[in-house]
Amino acid sequence: MSEQQHQNFETLAIHAGQAADAQTGAVVTPIYQVSTYKQDGVGGLRGGYEYSRSANPTRTALEENLAALEGGRRGLAFASGLAAEDCLLRTVLKPGDHVVIPNDAYGGTFRLFAKVVERWGVQWSVADTSDPAAVRAEIRPNTRVIWVETPSNPLLGITDIAVLADIARGADARLVVDNTFASPYLQQPLSLGADVVVHSTTKYMGGHSDVVGGALIAAEAGLGEELAYHQNAMGAVAGPFDAWLVMRGIKTLAVRMDRHSDNAEKVADLLSTHPKVTQVFYPGLAEHAGHDVAAKQMKRFGGMVSFRVAGGEEAAVEVCNRARLFTLGESLGGVESLIEHPGRMTHASAAGSALEVPADLVRLSVGIESVDDLLEDLRHALG
């Protein structure tokens, strides 16, 4: 890391953790599609490798890259974003502990708390994390984690990470930030005081809708070691080919995020003036409630845009169905543009809860196609 401290993001994305192969000079990290390794005598690990659940050279390269990009001490790559979240929660929590979760969050995260972790004896309560007073009001003597998404999914809410980091420290709790929507190119929560960053590397990090993965990056080495121990004990690690695909995506993360942001800004402008759109959620808009905080802690405002449609749920569903260039599908962060109805798709698990999303909401993952073509498709879809 010492040689990388003063390198810019774009350079780190391509080189951190990925030195040329010592034997062949290959400039791309090989895919070590291997389960076990010849040991130098009984118990004598060669280069720290014995079994690929515990460590794999391709995964190690990705993990070092992730740590460098987020400015953390330890990065860990998982089979999915939810596998990463599960490992984190089971590492830092025990039965009887309490977590503050956001009132706007990915439906799978809510399901993990409400249907899985709660059965293990962990308590949770909901707060609007954009309001520090609301977060303070939910803190209990047994609160151990404050969980944040910023920008949030799907309403693009913005939380002041530095302020919540101070609140977490005062409560002897850890601040966890899901940085999936922003990516480390646009936002680096550890530098603002967060303890752990979570990613679904399926999204912008991979960037091509061809891999499923997750990551944790810890600010402190000690917590990183604890997470690594539990990752090995639980086993939901990224496979070598998946790790290689994420690394390949990361190399172009900076240029892709700039194009995603360029296009999303123009999409948000169009939606803001369309007569069939009642509300637009995009932190790049000056009227967005979190715009000033986002401008302070983000480099740009990202590629996700949500909006509400006049005419209610059926009208929103029809917009999704009429789109042609925007592909109807779940997930986000790929080079291709996607459209979805969160209430019936990604956030169906939150129905009836404090995290239920508006029925007239449409979420866009704005890709890197020609923005003129994207705008024309939206005009057609809105009718």
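Reply: Val277 has Val309, in β9, as its bridge partner. The model is a predicted one, in which local features need pLDDT of at least 70 and side-chain atom pairs count only at pLDDT 80 or more, while totals for chains, interfaces and linings use all residues. Residues are numbered from 1 along each chain as its sequence is written, and side-chain values use heavy atoms, with hydrogens and water left out.

β8 and strand β9 (residues 304–309) run antiparallel and are joined by four bridges; two strands count as paired if DSSP finds at least two bridges between them, and the elements are DSSP runs numbered from the N terminus, helices being H or I of at least four residues and strands E of at least two. These strands belong to an open sheet of five, in the order β8-β9-β12-β11-β10, with mixed pairing. Because β8 (277–281) and β10 (327–328) stand at the edges with a single partner strand each, one side of each has no neighbour in the sheet.

Helix α10 (residues 253–272) packs on this sheet, touching β8, β9 and β12 (361–365), where contact means heavy atoms within 4.5 Å. The direction of α10 makes about 155 degrees with that of β8; axes are lines fitted to C-alpha atoms, for helices over the stretch in contact, and angles run from 0 to 180 degrees between N-to-C directions. Helix α12 (residues 312–322) also packs on the sheet, touching β9, β10, β11 (338–340) and β12, and its direction makes about 135 degrees with that of β9.
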